[in-house]
Amino acid sequence: MNSTRAVHVPNKTSEGSGGSGARPPGPALGTGRRVLRGVALAATAPYLVLKSAWLWGSRAGIPEGSPLLEPGMFLTLANVVTLAMDACLILLVLALTRPWGTRLPPWLLTVPAFAATGLLTPILTAFPAQLLVRAADPGARAPAEGAVRPFLDSWVFTVVYTGFTVQGLALAGLFVPYARERWGRRWQGVRGRGLPSPTGVVAGAAAGCAVLVAGVHVYWAFGGTGGMGAERAAARSATTGVVCGVHAICLLAAGAGALLLARGGSGRVWRPLALTWTGSAAALCWGLWPLIASLGTQLDGGEHPSGTVRLIYAGQMITGVLAAAVLARFLTSRREA
């Protein structure tokens with residue numbers, strides 16, 4: 001046991017405290033990481049250009065009759081917020097590849113990286129799968145085509161979500177080696193002894209909630225429409241089913257990862273860490289974000305989400321919070337060991 005714990009003793013010089021002798025001046029970037037940095041920055045351009053154009057009054061990609069053409073503070077605020085979110089990704093990419101990024105407090109990097117993981121993971125998995133579904137069945141409808149009123153031209157979704165997919169892959173390629181260099185000792189070895197029983201209860205709650213909410217998503221993914229609301233049920237297609245399936249996978253990953261971290265054992269630590277990080281981030285972000293959006297004007301001009309849908313959003317958010325709490329406690333225990 002003593003030798004196992006010794007593996008997890010953190011290197012004080014790798015915590016990024018910013019003290020004297022804490023870290024080398026900055027990450028040594030090879031050609032691959034330089035390319036990834038350029039790709040990630042370039043991939044933000046389509047979304048930033050479109051959002052900026054819309055804020056300046058452009059109607060590019062917006063068809064006649066779209067609710068996006070109606071004046072309103074909510075739509076303007078939504079465009080400003082989402083524009084700022086994509087701009088923040090530029091700062092994150094630079095922080096992961098510039099010397100000053102190694103001097104930032106850990107939370108100032110991990111929090112936006114966690115949010116980016118959560119927002120982009122379902123997109124970079126569901127969007128390519130939707131393309132395959134449409135290629136196999138050209139009659140499959142895009143998510144927006146079942147709306148009561150026209151929303152955006154189809155090319156907008158293709159351009160924007162392609163950019164998001166590239167962003168997610170490039171950001172992962174930058175964050176993983178950065179995290180290995182800065183906090184790599186917390187990933188070494190096996191999971192070790194289990195966490196205290198209160199954390200185990202939290203992990204069990206996360207897993208239970210994940211199974212319940214994922215079950216509803218699986219039901220919707222395979223054609224069920226109960227609880228969706230009339231308009232969402234009418235708009236349901238194979239491509240929207242893909243999105244439900246991805247959310248179910250992310251929820252189950254969060255619950256399973258939390259249980260593995262809390263239980264401990266002899267397995268490699270990075271696997272449950274990756275499951276919990278990715279799953280909890282996706283569950284939390286895609287529970288909180290649509291739940292907040294459901295309280296305002298519906299951007300597609302359709303009906304508000306039903307009570308069941310909002311409950312599912314809340315369940316995703318709760319699952320993400322519980323699993324993230326287990327993840328934080330586990331990482332704290334590795335630092336204290």
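How many aromatic pairs does a search of the whole structure find? In this predicted model, the search finds seven. One of them joins tyrosine 47 and phenylalanine 164. Their ring centres lie 5.0 Å apart, with 50° between the planes, and the pair is tilted. This pair links distant parts of the chain. Tyrosine 47 belongs to helix α3 (residues 45-55), phenylalanine 164 to helix α6 (residues 154-183). The two are 117 residues apart. Tyrosine 47 has a relative accessibility of 13% and therefore counts as buried. Phenylalanine 164 is also buried, with a relative accessible area of 13%.

The rings of tyrosine 178 and tryptophan 183 have planes at 70° and centres 5.9 Å apart, so this pair is edge-to-face. Both residues, tyrosine 178 and tryptophan 183, are buried.

Helix α7 covers residues 197-221. Its 25 residues, at 1.5 Å a residue, should span 36 Å. The C-alpha atoms at its ends are 35 Å apart, which agrees with that expectation. Several residues of α7 are buried, among them Thr199, Cys209, Val213, His217 and Trp220. Alanines are also found in the buried set: Ala203, Ala206, Ala207, Ala210, Ala214 and Ala221. Glycine 223 follows the helix and has a positive phi, near 105°.

Which residues does glycine 315 contact, leaving aside its neighbours within four places in sequence? They are Cys209 and Val213. Both of these residues are among the buried residues of α7. Glycine 315 itself is found in helix α11 (residues 307-336). With a relative accessible area of 9%, glycine 315 is buried.

The surface carries a nonpolar patch formed by Leu77, Val81, Met85 and Trp289. Together these residues have about 330 Å² of accessible area. Helix α4 (residues 73-97) gives the largest share of the patch, three residues. Methionine 85 is found in this helix. Its relative accessibility is 33%, so methionine 85 counts as partly exposed. Glycine 315, by contrast, is buried at 9%.

Methods
Residues are numbered from 1 along each chain as its sequence is written. This is a predicted model: local features need pLDDT of at least 70, side-chain atom pairs count only at pLDDT 80 or more; totals for chains, interfaces and linings use all residues. Side-chain values use heavy atoms; hydrogens and water are left out. Helices (H or I, at least four residues) and strands (E, at least two) are DSSP runs, numbered from the N terminus. The expected span of a helix is 1.5 Å times one less than its number of residues. Buried means under 20% relative accessible area, exposed over 50%, partly exposed in between (1.4 Å probe, protein chains only). Rings of Phe, Tyr and Trp (its six-membered ring) pair if their centres lie within 6.5 Å; planes under 30 degrees apart count as stacked, over 60 as edge-to-face and the rest as tilted. Contact means heavy atoms within 4.5 Å. Patches are made of residues with over 30% relative accessible area and no salt bridge: like charges are joined within 9 Å, nonpolar side chains (Val, Leu, Ile, Met, Phe, Trp, Tyr) within 5 Å. Accessible areas come from the Shrake-Rupley method with a 1.4 Å probe; for residues, only the protein chains shown count as cover. A salt bridge is a side-chain nitrogen of Lys or Arg within 4 Å of a carboxyl oxygen of Asp or Glu.
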